[in-house]
Each structure stands twice: as structure tokens, then as C-alpha cells.
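Q: I would like to learn how to read a protein model, feature by feature. Could we go through one together?
A: Gladly. Let us look at it first and then take your questions in turn.

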Amino acid sequence: MNPLPPDLAVPPYGTATLADVLPAAVAAIGAPVQRGDVPADPLGLTGALGGPRRVAVLLVDGLGADLLRAHADLAPTLAALSAPAGDLSAPCPSTTPVSLATLGTGLPPGSHGILGFVTAIPGEDGAAGEPRTLNHVQWADDPDPDVWQARRTVFEHAEAVGVTATAVGPYAYTRSGLTRAVYRGARYAGAVSHGDLCALVLSSLAATPRALVYGYIPELDLTGHVRGVDSPAWRAQLAFVDRVVEELVAGLPDDAALLVTADHGMLDVPDATRFDLDEQPDLADGVRLVAGEPRARYVHTEPGAGTDVLHRWREVLGRRAWVGSREEAVASGVFGPVDDAVAARIGDVVALARGSWALTAPRLEPGPSRLAAYHGSLTATELAVPLLAAGGRALDC
């Protein structure tokens, strides 16, 4: 067995992760979700929010808890909100598609099956004989989103028990495969601007006696990736996000609560900690496909080559990454319980970056390899996300 090093953590599924946010929110409005042995409200929001009839959950992509604390002066509205359950944890890998599916289903990645930014589609080969891949943020309808992510969403549960569910996000994402897979059951309202998002969230909250409304803001993450989280651009974008939250708080119906969270943190990666996979031809021996992303790699091997590839990647990467077999990664608990039907989406070898290392591939992935900041692994900064709360005038939260 190859345990995780102390600087990488297993997300505490069922206790305080993104999977618990929507179940706790609907429990607070009297519509608890049954999730096996997991409590209906593990975050204690039923008492903390003071009995709301409507709840809005705003997810700000890339708003890690460490980053927010370090820049609290730029986000006075966010800094003033209560933290009813402390920091939560992103799932593994700590990347947007995985986190959104974890939030939307209330389940860990090993159950819902969206297990990476880019994953292999088991049993399907491309034109050159390599495994076919799915980029979850460029997904339309192949594979079928209802089949690829077949688990019931919290939005479907809410609608079934009479709670109107709405998801508000960028208009361009209206018909994406990821939208269908993770927000299934909610009416999707496409927003064309931050102001439009505010108006759509607030009008959806006010439209029915009981409501669950979800909002998504992607621009902070994009700014961090391109410019870095230690950049004037990122800091300016955080100030814009704070203004959005201010508008939402001011417009809350008296019996409504607002929760603000994120899908992951992120960190800048300097040139000195970029490991170029293209310059290590030995790492390609016995490898059919390298999927995932720079801080969370899935390596799919040729038949019979798994052990050799594992040992070679472990030796070459050394302390730059934790490298384990699929079986070791699953046994560690980083994905939660893994359904047999989705296990093959995980690589035969898994490499999770340590420190500020990124495993780039400039030849095969020129765009992602040029980014300034990354996430995906299991460091504290990548995993810790805030859960902040505000309430309307009739609530005490």
C-alpha cells in the first residue's frame, strides 16, 4: 500500500464537503435527501439558517477559502458573512467538472462518475487506437449525459417533493452536457452578465413559496488561470464578485437565505515547478493515454504494462507527486466509494501533484500548459472552500 503523504488530504465525504451543501440546503427548507448512512443535514444548516423557505446557493469558481482570507480587504461583503460550518472540502480531483457534479448530486466522485477534467471513455478507441476521451467542459451530447452521470441530482429530488429548483449560469452553457448531467431537474436560466445573474437569482427566489436556486460565476477561476492568483486582474475580479454578493444579499426575500461557496482553490505555478512530460520520453513507454490535467494525471497503460509504468512514473517524479495505482487511489478513499461501472475512467496509474508542481505537456496540451495558476490536487489550498451565509430580514443567520 502506498499511503498519501501528509501534505495531501482525503476529502471528508459525508462530513464537510461540497457533496453536503445542497442536501443541507434542502433539509433546511424541510425537504431532506436520503443518502444512505449520511445524515440529511451534516452541516447543521437547518438550525444555522433559522428556518428559510427559500435558499439560494452561489458557487464562485476558484474562490478558495485561503485566497478569500488573504484578500478579505477586497471583499468586505463576503468577509462579513457568517460561516455556519467552517471551511468545506472540494472533492478529488479538485477541478470544476468534478466539483459541480459532486455539488449537484450530493455524492462523491466515485458514485457520480465524473472523475476528472478530461477522462477516458472506457471501451471506446479513437482513430489512432488510443482510448477516446471526454473533456467535460467541451461536452455536448456524446456520451449521453443522462447515462454518463446517471445518479439522481438534488435538483430532481427537490422538484419531486414540491420545491421549485432553478439553476442560473452563463447563457453559453445552457445546452452543455455538463449542465444536463449535474443540474438535471432544475430549470436552467441562462445569464448574459453578472447583473442578469443577480436579477435571475432573485426573481427565481421570489417566484414560488419554496425554492432552491443555484447560481454559478466562472470568471474568477478563468482570470486566475490566465493571469495568476497573485495578479491585479485576479484581485479586481474578486472585487466584482463581492459586488455581486452585495446585490444578492440586499435583494433577498425576507424568508430566504443565501449560501456562497466555491468548487476549489488554486495556486500559482512558477516555471521552476513545471515538470514537462514531453521531455521525459521514458514516461511514455507502455502508456496509451495521459488524461486528467496538470495537477491530477490519469495514466492509461498498454495491457500488461501497468506495473512497469507505475514504478517508472513513481521513480521519475519522486517527491513532485504522489503516484499510485488505480487500486491504491481507490483504496485511499480520495474518490469516496467507487462504483464498479465507473472505475475504468480512473487511470491505471494516478499522479497527484505535491507542492506547486504541475505535470505539463506543452506538445499535446499547449493551452493548458501555458496557464499561470492551477488546481486539481489535494493540497490544503486547493481543497479548502468557504461556506458563507446571509439571511433575509425574517431569519437569524
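Q: Which strands does helix 13 lie across?
A: Welcome to a predicted model! Helix 13, residues 306-317, lies across strand 11, strand 12, strand 13 and strand 14 (349-353). Its direction is at about 170° to that of strand 13.

Q: What is the order of the strands in that open sheet of four?
A: The general idea comes first: strands of a sheet pair through backbone hydrogen bonds, either parallel or antiparallel. In this case the order is 11-12-14-13, and the pairing is antiparallel. Strand 11 (287-293) and strand 13 (321-325) stand at the edges with a single partner strand each, so one side of each has no neighbour in the sheet. From one strand to the next, the twist averages 15°.

Q: How many bridges pair strand 11 with strand 12?
A: Six bridges, in the antiparallel sense, and strand 12 covers residues 296-301. To find a place to start on screen, look for Val 287, which stands opposite Thr 301 in strand 12.

Q: What is the strand order in the open sheet of six strands?
A: Read across that sheet and you get 6-5-7-1-8-18, with mixed pairing. Strand 6 (187-191) and strand 18 (388-391) are at its edges; each has a single partner strand, so one side of each is left without a neighbour in the sheet. The twist here averages 20° from one strand to the next.

Q: Which helix packs on this sheet, touching strand 1 and strand 7?
A: That is helix 5, made of residues 96-105. Its direction makes about 175° with that of strand 7 (211-217).

Q: In which sense do strand 1 and strand 8 pair?
A: Strand 1 (residues 54-60) and strand 8 (residues 256-261) pair in the parallel sense, over six bridges. Two places to look: Ala 56 stands opposite Leu 258, and Val 57 stands opposite Leu 259. Strand 1 also runs parallel to strand 7, joined to strand 7 by seven bridges. There, the bridge partner of Val 57 is Tyr 214.

Q: Which residues of strand 1 point one way, and which the other?
A: In a regular strand the side chains alternate between the two faces of the sheet. Here Arg 54, Ala 56, Leu 58 and Val 60 point one way, while Val 55, Val 57 and Leu 59 point the other way.

Q: Is strand 1 largely enclosed or left open by the rest of the structure?
A: For this we need a cut-off: a residue is buried if its relative accessible area is under 20%. Seven of the seven residues of strand 1 are buried, so strand 1 is largely enclosed by the rest of the structure.

Q: How many residues of helix 1 are buried?
A: Helices have their own pattern: an α-helix has 3.6 residues a turn, so residues three or four places apart point the same way. In helix 1 (residues 21-28), eight of the eight residues are buried, so the helix is largely enclosed. Among them are Val 21, Leu 22, Pro 23 and Val 26. After helix 1 comes Gly 30, whose phi is positive, near 85°.

Q: How many helices and strands does the protein chain have?
A: There are 16 helices and 18 strands. A compact globule of 397 residues would have a radius of gyration near 21 Å, and the 20 Å of this chain agrees. Of these 397 residues, 58% count as buried. Among contacts between residues at least 6 apart in sequence, 74% join residues at least 24 apart.

Conventions: Residues are numbered from 1 along each chain as its sequence is written. This is a predicted model: local features need pLDDT of at least 70, side-chain atom pairs count only at pLDDT 80 or more; totals for chains, interfaces and linings use all residues. Side-chain values use heavy atoms; hydrogens and water are left out. Two strands pair if DSSP finds at least two bridges between them. Axes are lines fitted to C-alpha atoms, for helices over the stretch in contact, and angles run from 0 to 180 degrees between N-to-C directions. Contact means heavy atoms within 4.5 Å. The radius of gyration is taken over C-alpha atoms; the globule rule is 2.2 Å times the number of residues to the power 0.38. Buried means under 20% relative accessible area, exposed over 50%, partly exposed in between (1.4 Å probe, protein chains only).
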